[in-house]
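User: Could you take a close look at the place where the ligands are held? I'd like to know what surrounds them and what touches them.

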Amino acid sequence: MIPTHVAFIMDGNGRWASARGMKRNEGHRAGTENIRGIIRHSKNLGIKYLTFYAFSAENFSRPVEEVGFLMKLIPEFFNREIVELTQEGARIQIIGDISQFAKPIQMVLRQAEKLTRQNDTIILNFALAYGGRQEIVQAVNRLIESGKKQVTEQDFSDALYTGGMPDPDLIIRTSGEQRVSNFLLYQSAYSEFYFTPVYWPDFSVDEYDKALADYHSRKRRFGGLDADENH
Ligand code: IPE
Ligand code: IPE
Ligand code: MG
């Protein structure tokens with residue numbers, strides 16, 4: 001089975017650079033250059049949704065020099081990739097509280113969303129200034145503001161940044177860390193997780209295929225039983 005929605009925790013840029021005697025920021029640059037191939041391969045396989053965890057709400061606590069570099073790299077990435085992504089029929093959506101970003105960066109991000117709004121070959125979510133707990137709290141506040149006294153699971157998931165999108169089938173985390181780090185907390189209830197020691201800039205299409213093959217071999221039960229287990 002090919003997953004409908006794959007999400008990536010793109011971790012290990014800093015260690016990739018350090019291992020090469022380079023500055024951490026060079027790892028971030030290499031990391032952004034790895035994204036294009038992953039998108040193209042996903043599109044060729046018919047995967048419909050991708051989510052990239054690019055900058056967490058907690059990443060603001062990094063040294064100003066690193067945060068400053070990332071704040072340059074993020075708009076640069078969108079300005080560079082937008083033409084090709086548009087041609088490929090990709091729709092860009094930002095999830096996270098980007099009101100914390102400087103106005104010109106917000107404008108680049110909103111523009112990328114606007115320019116690709118009509119596309120539907122592949123949907124790309126970029127999680128920026130994103131935190132799963134913050135997302136849940138903002139959903140609660142949105143629902144309170146709407147005047148609801150009671151909510152259904154549907155109301156709640158609609159109020160998340162990912163409202164209207166299917167939950168991730170597969171979440172891939174690179175760099176050897178085996179934790180969620182505040183990513184898609186509500187949406188990952190039944191996601192399959194794949195952890196690899198490979199650092200994000202080295203996460204090639206071959207490595208991606210390994211993850212997809214592993215996913216293919218899994219039995220998803222959603223709390224039930226498979227047909228062949230029911231005897
Ligand atoms: C992931 O790489 C990118 C961001 C969090 C922005 P890291 O910067 O976390 O790299 P490591 O984990 O320190 O190697
Ligand atoms: C998670 O990586 C966030 C992103 C990949 C954007 P971190 O490097 O921030 O996570 P921790 O701090 O190791 O949990
Ligand atoms: Mg990290």
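Analyst: Here's a walk through the two ligand sites, one after the other. Keep in mind that this is a predicted model.

Let's start with ligand 1. The space it takes is the largest pocket, and its shell draws two or more residues from each of helix H1 (13-18), helix H2 (24-45) and helix H3 (64-87). H1 gives the most, with 3 residues. There are 13 residues around ligand 1, and Asp11, Gly14, Arg15, Arg24 and Arg62 come nearest. By type, that shell splits into 5 charged, 5 polar and 3 nonpolar residues.

On its own ligand 1 would expose 380 Å², and the protein buries 88% of that.

Strand E2 (residues 49-56) is the top contributor to its shell, with 3 residues. Among the residues surrounding ligand 2 are Tyr53, Ala54, Phe55 and Asn59, plus Asp11 and Arg62. Here the tally is 5 nonpolar, 2 polar and 4 charged.

Arginine 62 turns up again, with a polar side-chain atom 3.2 Å from an oxygen of ligand 2. Arginine 173 does likewise at 3.3 Å, and a side-chain N or O atom of serine 181 lies 2.6 Å from a ligand 2 oxygen. Taken alone, ligand 2 exposes 380 Å², of which the protein buries 79%.

Conventions
Residues are numbered from 1 along each chain as its sequence is written. Chains are lettered from A and ligands numbered from 1 in the order in which they are written. This is a predicted model: local features need pLDDT of at least 70, side-chain atom pairs count only at pLDDT 80 or more; totals for chains, interfaces and linings use all residues. Side-chain values use heavy atoms; hydrogens and water are left out. A residue is near a molecule or strand if one of its heavy atoms lies within 4 Å of it. Accessible areas come from the Shrake-Rupley method with a 1.4 Å probe; for residues, only the protein chains shown count as cover. On a 1 Å grid over the protein atoms alone, a cavity is a set of points where a 1.4 Å probe fits but cannot get out, and a pocket is an open set with protein on both sides within 12 Å along at least five of seven lines; lining residues have an atom within 4 Å of a point. A molecule sits in a cavity or pocket if more than half of its atoms lie within 2 Å of its grid points. Helices (H or I, at least four residues) and strands (E, at least two) are DSSP runs, numbered from the N terminus. Ala, Val, Leu, Ile, Met, Phe, Trp, Tyr, Cys and Pro count as nonpolar, Asp, Glu, Lys and Arg as charged, and the others, Gly among them, as polar. A polar contact is a pair of N or O atoms within 3.5 Å; within protein, one must be able to donate a hydrogen and the other to accept it, and residues adjacent in sequence count only if both atoms are side-chain atoms.
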